Amino acid sequence: MAEIDTSLLQPDRPGLARAAALLSAGGLVGFATETVYGLGADATDDRAVARVFAAKGRPSFNPLIVHVPDLTAAARIAVIDGAALMLAQAFWPGPLTLVLPLRPDSGVSQLVTAGLDTVAVRVPASALARELLMLAGVPVAAPSANPSGRVSPTTAAHVMDGLSGRIDAVLDGGACGVGVESTIVGFDPVPTLLRPGGLPAETIVACLGAPLALPAQNGAITAPGQLTSHYAPRGTVRLNADRAEPGETLLGFGSVTAPLNLSPGGDLTEAAANLFAHLRALDAMGATRIAVSPIPQTGLGLAINDRLTRAAAPRRG
Ligand code: TXA
Ligand code: MG
């Protein structure tokens, strides 16, 4: 692939206009959401979507999330009723992705859905992202803006690090507030937690007034991470470590002494926001063996432990 001169766009009128124009013209634009940076492309443009997979080096059987500015736009591409409508009304805009029946006339490229008859849809909370989606006027397919298998980006500099030369632009929206990817819920037929993420599962359960099912482990790819070694830093990762062994670098949580701590005060929201930047910082420090303090399995802890477990999984090589 020929190198592209990737421009860093400012979050102002001209920057937004340029980013939207690039998207409408089939370009690839990294943009901030409240969770992580997405690598956006016009979801109705096969060539643009194919370029996303090429830029990320992503296996094409892994489908993408479509980003829209509001519920009305979501209803143009997917069928939203019942429990799905209740969750959309309660939590959009926000860090929640719903896997919904695809409308036959949606115009969404089959590369986005990997040929499934469902589509993953999300309305991001970030004001900048929603302005961009409104200006672009097309549904925007956007995986996290990192090379496949690597840690998701939470700043524009992270996106540049991984994808500079392979994408058209990055719209700089500063650091992402949530820091882990959206929670993914499917309905087949009951509400099912396909990926823990930025919206705590407990919050969704409280809204539904019913438990969330967990996906059947039947080998089908329904959510990320069935691919081993997703979200990986370069160093190896050992979880639930009370201390670092010789040769290990401790990634702390709570009141432990560590070169890097996700949240010294033990706050899971702060820990989620720091997670990916700290994993990158450990790479930059040259940490080859990373030990991680125990993280409580509640609230955003589910998403943090999910990403760390994948980081600790055997590597694909
Ligand atoms: O917070 C986020 O969700 C970020 C930002 C950019 O919005 N995006 C993100 O996208 O994390 P990505 O591609 O890294 O993860 C999306 C996952 C896919 O790996 C896929 O497994 C799942 O969503 N997915 C997409 N379409 C699906 C479908 N039709 N059925 C089941 N799972 C689907
Ligand atoms: Mg990703």
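Which residue stands opposite Ala141 in β7? The residue is Ala41, and I shall come back to this pair when I describe its strand.

Good morning, colleagues. What we have here is a predicted model, in which local features need pLDDT of at least 70 and side-chain atom pairs count only at pLDDT 80 or more, while totals for chains, interfaces and linings use all residues. Residues are numbered from 1 along each chain as its sequence is written, chains are lettered from A and ligands numbered from 1 in the order in which they are written, and side-chain values use heavy atoms, with hydrogens and water left out.

I begin with strand β3. Helices and strands here are DSSP runs, numbered from the N terminus: helices are H or I with at least four residues, strands are E with at least two. Buried means under 20% relative accessible area, exposed means over 50%, and partly exposed lies in between, with a 1.4 Å probe and protein chains only. In a regular strand the side chains alternate between the two faces of the sheet. In β3 both faces are covered: Leu39 and Ala41 are buried on one side, and Gly38, Gly40 and Asp42 are buried on the other.

What are the partners of this strand? Two strands pair if DSSP finds at least two bridges between them. Strand β2, residues 29-31, pairs with β3 in the antiparallel sense over 3 bridges, and Val29 has Gly40 as its bridge partner in β3. The two strands form a hairpin, with 6 residues between them. Strand β7, residues 140-141, also pairs with β3 in the antiparallel sense, over 2 bridges; here we find Ala41 opposite Ala141.

Next, a word on Thr155, which is placed in the loop between β7 and α7. Thr155 counts as partly exposed because its relative accessibility is 23%. Leaving aside residues up to four places away in sequence, Thr155 touches Tyr37, Gly174 and Ala175, where contact means heavy atoms within 4.5 Å. Thr155 and Tyr37 are 118 residues apart along the chain, and their C-alpha atoms are separated by 7.0 Å.

I turn now to charged pairs. A salt bridge is a side-chain nitrogen of Lys or Arg within 4 Å of a carboxyl oxygen of Asp or Glu, and a search of the whole structure finds 9 of them. One of these joins the side chains of Glu131 and Arg13, at 2.5 Å from N to O. This pair links distant parts of the chain, with Glu131 in helix α6 (residues 127-136) and Arg13 in helix α1 (residues 13-24), 118 residues apart. Glu131 is partly exposed at 30% relative accessibility, whereas Arg13 is exposed at 54%.

A further salt bridge brings together the side chains of Arg51 and Asp168, at 3.4 Å from N to O. Arg51 lies in helix α2 (residues 46-56) and Asp168 in the loop between α7 (156-163) and β8 (169-171), so the pair ties together parts that are 117 residues apart in sequence. Arg51 is partly exposed, with a relative accessible area of 26%, and Asp168 is buried, at 16%.

Finally, the domains. The protein chain is divided into domain 1 (7-208) and domain 2 (236-312), with bounds that come from an automatic or database domain assignment. Their centres, taken over C-alpha atoms, are separated by 26 Å. Domain 1 gives 21 residues to the contact and domain 2 gives 14 residues.

How much area do domain 1 and domain 2 bury between them? The value is about 1400 Å², 59% of it on carbon and sulfur atoms; buried area is the accessible area (1.4 Å probe) that two parts lose on being put together, summed over both. In domain 1, Val151, Val180 and Pro196 lose the most area to domain 2, together 37% of what that side buries.

Across this interface the rule finds 1 salt bridge. The side chains of Glu181 and Arg307 meet in a salt bridge at 2.7 Å, N to O, and both residues belong to a network of salt bridges that also links Asp306 and Arg310.

Thank you for your attention.
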